[in-house]
Amino acid sequence: MNVIPRNILSALLTVMFVVVSITGVMMYFKIRMLSSEALHIWLGFAFVAISCLHLLKNWNGFVTYFKKRSTLISIFFGFLVISAFIVTPLLNPQEKGINPKSKIIGTMMNAPLSKVAAFVDLDEVMMVKILADKQIIASSKQSVSEIAKANDRTSDDILNIVFTAPYMP
């Protein structure tokens with residue numbers, strides 16, 4: 001297991017940890033810079049792969065470490081917290097019969113265009129301009145349903161334009 005020296009694995013893990021942590025926080029606060037989400041995902045995969053190599057490289061140390069009572073208690077509490085996020089939805093599932101897609105589309109139809117534009121990662125002024133380019137008069141305060149009705153179009157027509165609009169950073 002001398003393919004990659006221990007110091008290089010540790011350095012790579014540190015860099016991956018920092019970048020994945022920062023991009024994760026950015027995603028939480030909806031800060032979209034460059035390709036932070038793609039970077040987060042791909043470096044997350046790399047982090048897992050390098051972590052596995054690190055684990056193999058330091059297996060004897062890990063075995064000794066996991067024999068300590070404090071380590072086992074920490075692991076137990078970690079799994080307890082994680083299980084709360086997994087078990088709770090299993091014990092209290094959503095109401096049966098609710099179609100999430102229908103709920104999302106219904107919400108989109110009644111949300112102001114400014115909210116829908118943000119959902120597709122566009123500026124609301126740009127979204128109004130894109131609709132105007134298609135001869136659709138709209139305000140960012142109007143809902144998709146209101147815009148469709150005012151322009152004698154279907155809500156699907158408006159949503160199709162909204163979702164196919166080019167991304168403009």
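Modeller: Let us begin with one pair, keeping in mind that this is a predicted model. The axes of helix α1 (residues 6–28) and helix α2 (residues 36–57) come within 8 Å, and they cross at roughly 150°.

Biologist: Why are α1 and α2 described as roughly antiparallel to each other?

Modeller: The general idea is that angles over 145 degrees count as roughly antiparallel. Since the axes of α1 and α2 cross at roughly 150°, these two helices are therefore roughly antiparallel to each other.

Biologist: Is the crossing of α1 and α2 left-handed or right-handed?

Modeller: The crossing of α1 and α2 is left-handed. Sorted by class, the contact of α1 with α2 holds 15 nonpolar residues, together with 8 polar and 3 charged ones.

Biologist: How many helices and strands does the protein have?

Modeller: The secondary structure comes to 9 helices and 0 strands, and the pattern along the sequence reads α-α-α-α-α-α-α-α-α.

Biologist: What radius of gyration does the protein have, and what would a compact globule of 169 residues have?

Modeller: The protein has a radius of gyration of 24 Å, whereas a compact globule of 169 residues would have one near 15 Å. Taken along the principal axes, the C-alpha atoms fill a box of roughly 70 × 40 × 20 Å.

Biologist: What percentage of the 169 residues is buried?

Modeller: Counting as buried those residues with under 20% relative accessible area, one finds that they make up 22% of the 169 residues in the protein. As for contacts with a separation of 6 or more, 58% of them are accounted for by residues 24 or more positions apart.

Definitions and conventions:
Residues numbered from 1 in each chain as written. Predicted model: local features only at pLDDT ≥ 70, side-chain atom pairs only at ≥ 80, totals over all residues. Heavy atoms only, no water. Axes fitted to C-alpha atoms, helices over the stretch in contact; angles between N-to-C directions. Helix = DSSP H or I, 4+ residues; strand = E, 2+ residues; numbered from the N terminus. Parallel < 35°, antiparallel > 145°, perpendicular 65-115°, else oblique. Left-handed = near helix turned anticlockwise from the far one by under 90°. Nonpolar A, V, L, I, M, F, W, Y, C, P; charged D, E, K, R; others polar. Rg over C-alpha atoms; globule rule 2.2 N^0.38 Å. Buried < 20%, exposed > 50% of the residue type's maximum accessible area, 1.4 Å probe, protein only. Contact = heavy atoms within 4.5 Å.
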